[in-house]
Amino acid sequence: MTLLGQFALWVALLIGSFGAILSFSGRWQDRPDLERVVIRSVYAVAAAMLVASISLWKGLFAHDFNIEYVAAYTSRNLPTYYIVSAFWAGQKGSLLFWAVVLSCFASVAQLLTSRRYADLLPYVAGVTSTVVVFFISVMLFSANPFQRLGFTPEDGRGLNPQLQNVGMVMHPPMLYLGYISITIPFAFAVAALLRRQMGSGWIVAIRKWTLVSWVFLSIGIVLGMWWAYVELGWGGYWAWDPVENASLLPWLTMTAFLHSVMIQEKRGMLKRWNVALIIATFLLSIFGTFITRSGVIASVHSFTQSNVGYFFLAFLLTAGILSFTLLYTRWPSLEPEAKLESMLSREAAFLFNNLALVGIAFSVLWGTLFPILSEAVRGTKITVGPPFFNRVNVPLGLFLLALTGIGPLIAWRKASARNLQRQFTFPVGFGLLVAAGLLIDGMRDFYVILAIALGAFVLGTVLQEFFRGVRARRRMHGESVPAALFNLIARNRRRYGGYVVHVGILMMFVAFTGMAFRVDKEATLKPGESVTMKSPYGGTYKLTHLGVSQYNALNRVVSAAAVQVELDGKPMGVMKSEKRQHVDSFGRPTFEPSTEVAIQSGLREDLYIVYAGSVDGTEEAVYRFTINPLVWWVWYGGIVLVLGGILTMWPGGGGIAETRRTQAGYEATLIGAEAV
Amino acid sequence: MKPGHKFLFGAVLIVGSVSLLMFQGVKETGVYFLTPTELASKTSADPTFHNVGVKMGARVVPGSVHRDAATQTVDFQVTDGAKVYPVTYRGIVPDTFTDASDIEVVVEGRLGTDGVFHATDVLAKCGSRYEAVPKA
């Protein structure tokens, strides 16, 4: 099977290169037969990549340990679903995953793109094929997943225990899907530049694909946070680790684009900025892949060092130079159609939103690269950690949160005093009320009060929008409240989906403040001994160590330490945290022992228990207990965010014409609302 | 003032405050990342450097790890091949921290005048973490 897989990679390389060269030669422009060849080459590459992927999966499932990749990431006793995920668990397999998914996305993009933009497709094909060819080359010349060993081990090494987690089955592919699908909007942008089609139409195709990758990337990031929380055992979900930052960077620039593109659609402004954002997003996604694989920046998540990094660096530089040069040559044709008329306008709010998002992205990039930069400039490596990122990003994030409430409600062009009063009286009042409540409650942390009050302000704007929309529909169409709500959302998916996303964001912001109140305690306990901890809400936990038991499970030896939990004297059950030593099918240990934390989650706080080991093999156990307030709201917020994103991109909700119509309809609802 | 100018003013304000925040952030929270050899030369050149918090990246000397579970203290030695430092740390070390083979660690803390590195944080990175070829 590896022979077939290898062969398929070569076939895909040749067809992909041929298609890309033909595409960029431009010869197809008055030769429909050549145009068809370019289009079909994309399907052929996808088919070949699917053959290659199936042969790797066959090798994984057949336990063909003569294949180095299979031996390195699976073992006979590995559960089936982890064999599936072993496909992308290692460097080489994830490169194959990337290439196959991109070639499939490129095919789907060709199939789904409407005839209106069909003349962009051959160039789109050229760009996507170039990227696929790059990934295939990396595999063939540096990291071949079909590499055979000189011998056949009797069993494989197995999957890293930290990857043996349900979240980890889904987290990397979601993140990859997000990273990979960014190539499609990038390809459309480059195609539009190449064809000199600078009208506003092509931006629709780009926006829809950007939304798709935004949703995937959001899911990937939230799952990654969840995995870090459940599996890494340090008690938090975001450490500003370089690899985490790398996934956040394209998300930030994409979010900026999704906002500023509205300005281009409505007012014909910011065209250059939008193209630059799409290019930057693509480059950042490649950059993220580069730093996870090259080992240039130390990170707990990174693959080990390999020369694959040089390939990525070269590709990153080439793609950056070529695409910005292309943008530069088309600069005059991207002249804005309108000028900013007032600072009190939606345009201005969106511009500031973009500046803040890009500012955050820049500071995150700067902090991530700082060790390298400082070493290059000053000769000593200086690292910055969470204190740096929090210091810079907390104020910027709060500014952004405020704009989340202002942007959608303020009028286009120039807001009148009447507009401001009508739109903001209730939300601002609501925010102030919440701030006052917190102050009375004894809260004194400035940033926490500000974050929660701004969250309330944003929630107020969203509630007001839904309320007014429903009321207007009831008045105009005589619908019941649920029917009015349903139709309101269904007919304005983009608008109300966006509001739902904003609610998800504000839930996460409020949840982040909980981390300011986390409580930690380390203790060494003999069976029967207990320790008490005060919750930030005032309750007292009593934690009693019951004992340590040992047993064998499927592919591991487990030591489980049990803790009995009581809150203010009320029993809350027994929590079990484990140390696991994974073994292969011959009972030999593989990997270092790993920790399985015990978590009891609630709406208010999580109790998080790490069993760190025993004293000299006795039942005396070393524990770390942590109380993490509001963590659940991060996950709930993430779910709301993703649902909102899906709502926004749900097909049928409207292209650009529809948007205009709903905007007009919105004006009507406003007039309806005013009449009260 | 034209709206364009006003916006420019706002933009400069934002960019300026981002830069200021970043500059101060680096100045106040930046931590040196040194190898044991670099740390030795820094402290011998400037004795006040003992009080500066640093991160040190090195490898654990195999067999040097002593754990005292009762006090949750771990003592070990690290080296970059040229200079060896004893390290003492109180707290829970990560799962990947073993002295079985040459593991890479990053220890954060200060070098005491007693020549012992007092760590406040230990990060371990197993060289074979994600990528490992089974030894037959």
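**Strand pairing and chain contacts in a predicted two-chain model**

In chain A, strands β2(A) and β10(A) (residues 621-629) run antiparallel and are joined by seven bridges. Two strands count as paired if DSSP finds at least two bridges between them. Helices (H or I, at least four residues) and strands (E, at least two) are DSSP runs, numbered from the N terminus. The model is predicted: local features need pLDDT of at least 70, side-chain atom pairs count only at pLDDT 80 or more, and totals for chains, interfaces and linings use all residues. Residues are numbered from 1 along each chain as its sequence is written, while chains are lettered from A and ligands numbered from 1 in the order in which they are written.

Within the pair, Leu525(A) stands opposite Ala621(A) of β10(A). Both strands belong to an open sheet of four strands in chain A, with the order β2-β10-β9-β8 and antiparallel pairing. β2 (519-525) and β8 (598-600) stand at the edges with a single partner strand each, so one side of each has no neighbour in the sheet. From one strand to the next, the twist averages 15°.

Met533(A) lies in strand β3 (residues 530-534) of chain A. Met533(A) is partly exposed, with 18 other C-beta atoms within 10 Å. With C-beta atoms placed from the backbone, a residue is buried if 20 or more others lie within 10 Å of its own, exposed if 12 or fewer, and partly exposed in between. Leaving aside residues up to four places away in sequence, Met533(A) touches Val519(A), Lys521(A), Tyr541(A), Leu543(A), Phe625(A) and Ile627(A). A contact requires C-beta atoms, placed from the backbone, within 7 Å. Lys521(A) is 12 residues from Met533(A) in sequence, and their C-alpha atoms are 7.7 Å apart.

Chain B has two helices and seven strands. From the N terminus, its elements run α-β-α-β-β-β-β-β-β. Of its 136 residues, 26% count as buried. Strand β2 (residues 54-60) of chain B is largely enclosed by the rest of the structure, because six of its seven residues are buried. Strand β1 (residues 31-34) of chain B pairs with β2(B) in the parallel sense over three bridges. There, Leu34(B) stands opposite Met56(B).

β1(B) also pairs with strand β1 (residues 381-383) of chain A, in the antiparallel sense over three bridges. Thr383(A) stands opposite Val31(B) in this pair. Across the two chains, 37 residues of chain B are in contact with 53 residues of chain A. On the chain B side, α1(B) supplies the largest share, 14 residues. By class, that side has 21 nonpolar, 10 polar and six charged residues. Ala, Val, Leu, Ile, Met, Phe, Trp, Tyr, Cys and Pro count as nonpolar, Asp, Glu, Lys and Arg as charged, and the others, Gly among them, as polar.

Helix α14 (residues 386-406) of chain A meets helix α1 (residues 3-29) of chain B, their axes coming within 8 Å and crossing at roughly 155°. The two helices are therefore roughly antiparallel (angles over 145 degrees). Axes are lines fitted to C-alpha atoms, for helices over the stretch in contact, and angles run from 0 to 180 degrees between N-to-C directions. From α14(A), the contact uses Pro387(A), Phe388(A), Arg391(A), Val392(A), Pro395(A) and Leu396(A); from α1(B), Val18(B), Leu21(B), Met22(B), Gly25(B), Val26(B) and Thr29(B). Nine of these contact residues are nonpolar, two polar and one charged.

Technical notes
Angles under 35 degrees count as roughly parallel, over 145 as roughly antiparallel, 65 to 115 as roughly perpendicular and the rest as oblique.
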